[in-house]
Amino acid sequence: MRLESLYARGVPVTATTADDPAAQLARRILQATPGGDAQAEAEFCRQFAPRIRLFGLKRLRSEAAAADLVQDVLLLVLQKLRAGAVREPERIASFVLGTARQLCIDTRRNGGRRERLLDTFSLDLEPDDTSDSHELDAARLQHCLQALPERERAVIIMSFYDDCPAETLGAQMGVKSGNVRVIRHRGLKHLRDCLEGSGGAQ
Amino acid sequence: MTPHLHDAELDSRLWSWWLDELDEAQASEVEEDLFACGDCAARLRELLELRDSVRNALRDSRFASVVTPAFVRRLQASGLRLREYHLQPGESVPCTIAPADDFVVSHLHAPLEGVRQVDLVYDDGHTQHRAPHLPFDAAANEVTVIPPVAMLRSLGTATHRMRLLAVTPSSERLLGEYTFNHERWSPG
């Protein structure tokens, strides 16, 4: 895999500062003897595992595949950091993203790489931070959904139920996809406001 | 990440990304933000939790939902058990909900060509609830309603009526009245 070329080619990079915690962790891992700063590596994994998982869920549409992607990306990135092969730690987030993108492509092409990686490099990942997710109050959600204007509720329900894009929904409702997006945006805002207690849904 | 974005704008942007609605450059920008910003990732996770909770809320719903015929087909395709009633204006139907039913669906047929706004009046014999400005596809000549499952399960013998109204700024006219004569489920 061409991680360096991916990194060098890059994509528009969100500005990071010298104080960026992820960059600081990357520097600590780079400066330590290989595997010598276990605390920094664990914290690095804790920070990036949830982000890689979400990216993997979106690209691969599978919890199991997303969990594998988290392992594989972190293994590769830590391998590069331990080997001193990351030249710009201040751009570590972009590097992790580039790795995740490439591995998603590889995952679609073949599934053999993962076994080879795990044979050569082991990593114990703590569970990602889904464990601290909170259940929404069902009664409150029912109240807030009921309080939405009819069209907003319909669009939110049909969009959320099976991840239906605005274009598809618009065709089914006889309205333009842009209108669906506007209704969806308003509905989402009203729903959030109601759930967070700052409004009665509208 | 994009600190100028309000939470609602961030939600919409993340949800559009999740649904593959963005072009390549926009999607790439969201992904950069997702990896550079822990708060953005947390926001997306919350959004997905909200999505899952809304799915569950629909299944346990205590409110009527107006959907499209295509959405009903997607519910069927996902393996849910639906009991469906098709009514023309003025018709009545004996109806029920079985323990194994996930949803009851009322297909209210009506001439909707040229209609700009449709309101639904739901009359349970005691109170009337008006839902204004329903989503509908005029070409389908149908308004599709999923009554609240929890309410239906709690009913004994009851007559409920739905009325569809075509509304303009200066007037309204009846498109159709539909009567549901509900009986508790009887396996025999």
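Here is a friendly conversation about a predicted model with chains A and B.

Biologist: How is this model numbered, and which residues count?
Modeller: Residues are numbered from 1 along each chain as its sequence is written, while chains are lettered from A and ligands numbered from 1 in the order in which they are written. Because this is a predicted model, local features need pLDDT of at least 70 and side-chain atom pairs count only at pLDDT 80 or more, whereas totals for chains, interfaces and linings use all residues.

Biologist: Let's start with chain A: how many helices and strands does it have?
Modeller: Helices (H or I, at least four residues) and strands (E, at least two) are DSSP runs, numbered from the N terminus. Read along the sequence, chain A follows the pattern α-α-α-α-α-α-α-α-α-α. The count is 10 helices and 0 strands.

Biologist: What percentage of chain A is buried?
Modeller: A residue is buried if 20 or more other C-beta atoms lie within 10 Å of its own, exposed if 12 or fewer, and partly exposed in between, with C-beta atoms placed from the backbone. Chain A has 202 residues, and the buried share is 37%.

Biologist: What covers the buried residues of helix 10 of chain A?
Modeller: Helix 10 spans residues 177-195 of chain A and reaches 26 Å from its first C-alpha to its last, close to the 27 Å expected (the expected span is 1.5 Å times one less than the number of residues). Its buried residues include Val180(A), Ile183(A), Leu188(A) and Leu195(A). The cover includes helix 7, helix 8 and helix 9 of chain A together with helix 1 of chain B.

Biologist: Which residue follows helix 10 of chain A with a positive phi?
Modeller: The phi there is near 85°. The residue that follows helix 10 of chain A is Gly197(A).

Biologist: Which residues have the most contacts inside the largest nonpolar core?
Modeller: A nonpolar core is a set of buried Ala, Val, Leu, Ile, Met, Phe, Trp, Tyr and Cys residues joined through C-beta atoms within 7 Å. The largest one here has 93 residues. Leaving aside neighbours within four places in sequence, Ala100(A) is in contact (C-beta atoms, placed from the backbone, within 7 Å) with Ile52(A), Phe55(A), Leu69(A) and Val73(A). Those with the most contacts inside the core are Ile52(A), Val73(A), Val96(A), Ala100(A) and Val143(B).

Biologist: Which element gives the largest share of the side of chain B that touches chain A?
Modeller: The contact takes 47 residues from chain B and 43 residues from chain A. On the side of chain B, the elements that give two or more residues are helix 1, helix 2, helix 3, strand 1 and helix 4 of chain B. The largest share, 12 residues, comes from helix 3 of chain B.

Biologist: How many nonpolar, polar and charged residues are on that side of chain B?
Modeller: Ala, Val, Leu, Ile, Met, Phe, Trp, Tyr, Cys and Pro count as nonpolar, Asp, Glu, Lys and Arg as charged, and the others, Gly among them, as polar. The side of chain B that touches chain A has 24 nonpolar, 8 polar and 15 charged residues.

Biologist: What do the buried residues of helix 2 of chain B pack against?
Modeller: Val30(B), Leu34(B) and Phe35(B) are among the buried residues of this helix. They and the other buried residues of helix 2 of chain B pack against helix 3 and helix 5 of chain A together with helix 1 and helix 3 of chain B.

Biologist: In strand 7 of chain B, which residue is the bridge partner of His109(B)?
Modeller: Strand 4 and strand 7 of chain B run antiparallel and are joined by 4 bridges. The bridge partner of His109(B) is Glu142(B).

Biologist: And in the sheet of 5 strands, what is the bridge partner of Tyr122(B) in strand 8 of chain B?
Modeller: This open sheet has the order 3-9-8-5-6 (chain B), and strand 3 and strand 6 of chain B are its edge strands. Strand 5 and strand 8 of chain B pair in the antiparallel sense over 7 bridges. In strand 6 of chain B, Tyr122(B) has His129(B) as its bridge partner; in strand 8 of chain B, the partner is Met162(B).

Biologist: How many residues lie between strand 8 and strand 9 of chain B?
Modeller: These strands run antiparallel, joined by 10 bridges, and Arg161(B) has Thr179(B) as its bridge partner in strand 9 of chain B. They form a hairpin, and the number of residues between them is 4.

Notes. Two residues are in contact if their C-beta atoms, placed from the backbone, lie within 7 Å. Two strands pair if DSSP finds at least two bridges between them.
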